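Please read the following briefing alongside the sequence and the coordinates.

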Amino acid sequence: MGSSFYYLSLVVQGGRGGEGLVSFNHSPRKVKGGPDGGNGGSGGDVFIRADEECNTLEHLHSKHYLKASRGASGGRNKRHGKKGKDLIVSIPIGTNIYTKEKKQIGDLIKKGEEIKIVQGGEGGRGNINFVTSTNQAPRIATSGKAGEKRMIELEYSPLVDISVIGPPNTGKSSLIAHITSCKVKVRDYPFTTKRAHPWTYVNDYKSLTFLDTPPSVPENLEDIKILSKRAKILLVVLDGSKDDPWKGFEPIFRELEEVFSKDPEKSIVIVINKIDRRKGPELKTVEYPVFPISVKMDKGINLLKAFIFKEF
Ligand SMILES: Nc1nc2c(ncn2[C@@H]2O[C@H](COP(=O)(O)OP(=O)(O)OP(=O)(O)O)[C@@H](O)[C@H]2O)c(=O)[nH]1
Ligand SMILES: [Mg+2]
């Protein structure tokens, strides 16, 4: 698997256990004190936690290996070394965690939810553990063990109702801004939306979350698939000012269509935006509901909204 801001693989490892200590009690009152070397502390564990401040996996993009802290060595006087600090990796709510064989380890869908991925290594044993009837002063201790190591894959599929996708500059963000009244960034050039972002529409009866996505171009196809996984509706926005709004987009659409049309709970809705600028020939018919709209002129949006909202 490659990697992006929405899916990546990581190797995580628990911290190494601390060293066991060889030591003898040298207090002035005991001339020949016995062994008193304590055990090392265990290494820190690695946890993954769902954090509402996170909206992508971007902060982990350049990190391929993460390790928790090592346990402290055992001390004199039979003192146990301190446990190594746990490492807590923040990920966005809606992240699925898999082994590299694609077996699910966990799906973190609630704020603050966390899961232990690997355990730190056991601490070594100090010389107090090696006293026997024949050896009262052992000079033996063991080293801490290495922490558990695991390769994991993370996939961020946000908990949204509607995933808004389509070629660059078709008005995806404009439509979301119009429906939700959120301050979504809209510009008159392609690739304005660089990161997927959920935006929520709320009224007295409903709360619906729309996912704004980066343009659906071949390089982003894997991202769009993962990002749209949990959505019930795939809302495809095309540019109606073009003679053929579908031109160049069909291969991408076919791949996403496959995922959505297989699931009876999901549906696809096509929006032809910018019809205020439409001069082209009649639109071709497709097997999904099609809504010609103009965000700019506020045309056709009420019909579209009514259609979407009745699905929830
Ligand atoms: N004429 C016309 N222009 C529109 C309409 N809707 C959006 N636009 C314009 O189209 C441009 C692109 O809008 P965005 O909403 O940023 O498009 P996008 O699909 O999110 O673009 P990317 O994030 O780059 O994929 C902006 O200049 C909008 O003002 C419309 O109905 N008619
Ligand atoms: Mg956009």
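Predicted model: local features only at pLDDT ≥ 70, side-chain atom pairs only at ≥ 80, totals over all residues.

Residues are numbered from 1 along each chain as its sequence is written, and chains are lettered from A and ligands numbered from 1 in the order in which they are written.

**Overall form**

- The secondary structure comes to 4 helices and 14 strands, taken as DSSP runs (helices H or I, at least four residues; strands E, at least two) numbered from the N terminus.
- The chain is more spread out than a compact globule, because its radius of gyration is 29 Å, well over the 20 Å that the globule rule gives for 312 residues (C-alpha atoms; 2.2 Å times the number of residues to the power 0.38).
- Along its principal axes the C-alpha trace spans about 100 × 40 × 35 Å.

**The β4-β2-β7 sheet**

- An open sheet of 3 strands runs in the order β4-β2-β7 with mixed pairing, where two strands pair if DSSP finds at least two bridges between them.
- Strands β4 (87–91) and β7 (114–118) stand at the edges with a single partner strand each, so one side of each is left without a neighbour in the sheet.
- Strand β2 (residues 46–50) pairs with β7 in the antiparallel sense over 4 bridges, and Phe47 stands opposite Lys116 in β7.

**Helix α3**

- The 13 residues of α3 (residues 250–262) should span 18 Å at 1.5 Å a residue, which agrees with the 18 Å between its end C-alpha atoms; the expected span is 1.5 Å times one less than the number of residues.
- A kink of about 25° in α3 is centred on Leu256, the bend being the angle between axes fitted to the seven residues ending at a residue and the seven starting there.
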